[in-house]
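Here is a short report for a reader new to this structure. Please look over the sequence and the model before reading on.

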Amino acid sequence: MESILAFIDHLLMGNGIIISVATYVIAEIIKSIAPGLKRFIPLVGASLGILLALIVPNLFPDTDIVSTVIIGMTLGWSSTGVYETIKGVTRS
């Protein structure tokens with residue numbers, strides 16, 4: 001149980017937050033440049049998450065490539081969830 005909590009702490013407060021924030025910012029830029037692509041933002045977020053997880057050196061040093069891809073995809077999708085949450089709260 002402690003190893004799972006340590007992994008979540010490392011993921012969110014360590015290197016994982018870099019991917020989430022970068023994906024969110026890039027998605028916002030894409031939406032402002034090409035508003036027609038708004039419906040593809042979750043796919044863009046997942047793709048950017050995977051790309052950033054693979055490109056940034058030593059981001060997740062003790063994981064294999066499949067785990068890195070899954071972590072990157074999850075973090076990219078999480079930034080999309082933040083966007084949807086902010087959109088939902090501001091429209092209420």
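## Terms and ground rules

Buried means under 20% relative accessible area, exposed means over 50%, and partly exposed lies in between (1.4 Å probe, protein chains only). This is a predicted model, in which local features need pLDDT of at least 70, side-chain atom pairs count only at pLDDT 80 or more, and totals for chains, interfaces and linings use all residues. Residues are numbered from 1 along each chain as its sequence is written, and side-chain values use heavy atoms, with hydrogens and water left out.

## Confidence

pLDDT is the predictor's confidence in each residue, from 0 to 100. The chain averages 79. A score of at least 70 is reached by 87% of the residues. Confidence is lowest in helix 1, with a mean of 77. It is highest in helix 2 (residues 41-55), at 87.

## Overall layout

The chain has 3 helices and 0 strands. Along the sequence, the pattern reads α-α-α. Helices (H or I, at least four residues) and strands (E, at least two) are DSSP runs, numbered from the N terminus.

The chain has 92 residues, and 26% of them count as buried. A contact means heavy atoms within 4.5 Å. Take the contacts between residues at least 6 apart in sequence: 64% of these join residues at least 24 apart. The chain exposes about 6100 Å², and carbon and sulfur atoms supply 72% of that area. Accessible areas come from the Shrake-Rupley method with a 1.4 Å probe; for residues, only the protein chains shown count as cover.

## The salt bridge

How many salt bridges does the structure hold? There is 1. The term means a side-chain nitrogen of Lys or Arg within 4 Å of a carboxyl oxygen of Asp or Glu. Here the partners are Lys-31 and Glu-28, at 2.7 Å from N to O.

Both residues sit in helix 1 (residues 2-33). They are 3 residues apart, so about one helical turn separates them. Lys-31 is buried, at 8% relative accessible area. Glu-28 is partly exposed, at 30%. Side chains of opposite charge can pair when their charged atoms come close.

## Nonpolar core and surface patch

The largest nonpolar core has 7 residues: Ile-19, Leu-52, Ala-53, Leu-59, Phe-60, Ile-71 and Leu-75. Helix 2 and helix 3 are the elements that give two or more residues to this core. Such a core is a set of buried Ala, Val, Leu, Ile, Met, Phe, Trp, Tyr and Cys residues joined through side-chain atoms within 4.5 Å.

A nonpolar patch lies on the surface. Its members are Ile-17, Ile-18, Val-21, Val-25, Ile-29 and Ile-33, with about 540 Å² of accessible area together. Patches are made of residues with over 30% relative accessible area and no salt bridge; like charges are joined within 9 Å, nonpolar side chains (Val, Leu, Ile, Met, Phe, Trp, Tyr) within 5 Å. Ile-29 belongs to helix 1. At 44% relative accessibility, Ile-29 is partly exposed.

Where is Gly-76? Gly-76 lies in helix 3, and its relative accessibility is 0%, so it counts as buried. Leaving out residues up to four places away in sequence, Gly-76 touches Thr-23, Gly-45, Ala-46 and Gly-49. The C-alpha atoms of Gly-76 and Ile-50 are 7.3 Å apart, with the two residues 26 apart along the chain.

Ser-79 is also in helix 3 (residues 65-91). Ser-79 is buried, at 4% relative accessibility. Its contacts are Ser-20, Thr-23 and Tyr-24, again not counting residues up to four places away in sequence.

Gly-16 is part of helix 1. Gly-16 is buried, with a relative accessible area of 0%. Its C-alpha atom is 9.7 Å from that of Gly-49, 33 residues away along the chain.
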